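The sequence and model are shown first.

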Amino acid sequence: MKRVITYGTFDLLHYGHINLLRRAKALGDYLIVALSTDEFNWNSKGKKSYFSYEERKAMLEAIRYVDMVIPEVAWDQKATDVEKYDVDIFTMGDDWEGKFDFLKSQCEVVYLPRTPEISSSQIKQDLAKK
Ligand code: C2G
């Protein structure tokens, strides 16, 4: 069983996120999503998500590609997670290209092309104009 992991905030869930999750799952058999907590978002990413961690977690768990959701509480938990969850493949959108190559000593690292034109911040901007 090939185990895949990916990380993110997944706020205002949209088709770009779904495209990522679908391709991430297709890399293996079991997909773990490490979901940024509200505290991590605020303290480390400087962003406040619209939906709470629990709401974002429930939405991710409803997606057929997602097998498990764990909290992302720190930038540096990835190496530990790879061991703890026996991960074979780490994957992220290619806006992170190269940033996690240090994990190559532990698992395969795959950067997937982002879906163009859509982002949570774009959605917020568009809605603000209406
Ligand atoms: N994504 C995508 N296409 C988009 C928007 C997002 O492929 N149009 C991907 C991102 O590349 C990322 C995932 O969807 O792999 C989640 O995106 P975000 O919630 O924006 O995640 P981010 O804020 O980049 O947090 O430790 C890593 C961080 O938690 C990643």
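In this predicted model, Asp-67 and Lys-25 form a salt bridge through their side chains, with an N to O distance of 3.0 Å. Asp-67 sits in the loop between α3 (53-61) and β3 (68-72) and Lys-25 in helix α1, so the bridge ties together parts 42 residues apart in sequence. The structure contains seven salt bridges.

**Exposure of the Asp-67 and Lys-25 pair**
- Lys-25 counts as buried because its relative accessibility is 18%, under the 20% limit.
- Asp-67 has a relative accessible area of 34% and is therefore partly exposed.

- Glu-61 is partly exposed, at 44% relative accessibility.

**A salt bridge between loops**
- Arg-114 pairs with Asp-95 in a salt bridge whose closest N and O atoms are 3.0 Å apart.
- This pair links distant parts of the chain, 19 residues apart: Arg-114 is in the loop between β5 (108-112) and α5 (120-129), and Asp-95 is in the loop between β4 (89-93) and β5.
- Arg-114 is partly exposed at 44% relative accessible area, and Asp-95 is partly exposed at 40% relative accessibility.

**Negative surface patch**
- Asp-29, Glu-83, Asp-86, Asp-88 and Glu-108 form a negative surface patch.
- Asp-29 lies in the loop between α1 (15-26) and β2 (30-36).
- With 42% relative accessibility, Asp-29 is partly exposed.

Methods:
Residues are numbered from 1 along each chain as its sequence is written. This is a predicted model: local features need pLDDT of at least 70, side-chain atom pairs count only at pLDDT 80 or more; totals for chains, interfaces and linings use all residues. Side-chain values use heavy atoms; hydrogens and water are left out. Patches are made of residues with over 30% relative accessible area and no salt bridge: like charges are joined within 9 Å, nonpolar side chains (Val, Leu, Ile, Met, Phe, Trp, Tyr) within 5 Å. Accessible areas come from the Shrake-Rupley method with a 1.4 Å probe; for residues, only the protein chains shown count as cover. A salt bridge is a side-chain nitrogen of Lys or Arg within 4 Å of a carboxyl oxygen of Asp or Glu. Lys and Arg count as positive and Asp and Glu as negative; His and the chain ends are not counted. The place of a charge is taken as NZ of Lys, CZ of Arg, CG of Asp or CD of Glu. Helices (H or I, at least four residues) and strands (E, at least two) are DSSP runs, numbered from the N terminus. Buried means under 20% relative accessible area, exposed over 50%, partly exposed in between (1.4 Å probe, protein chains only).
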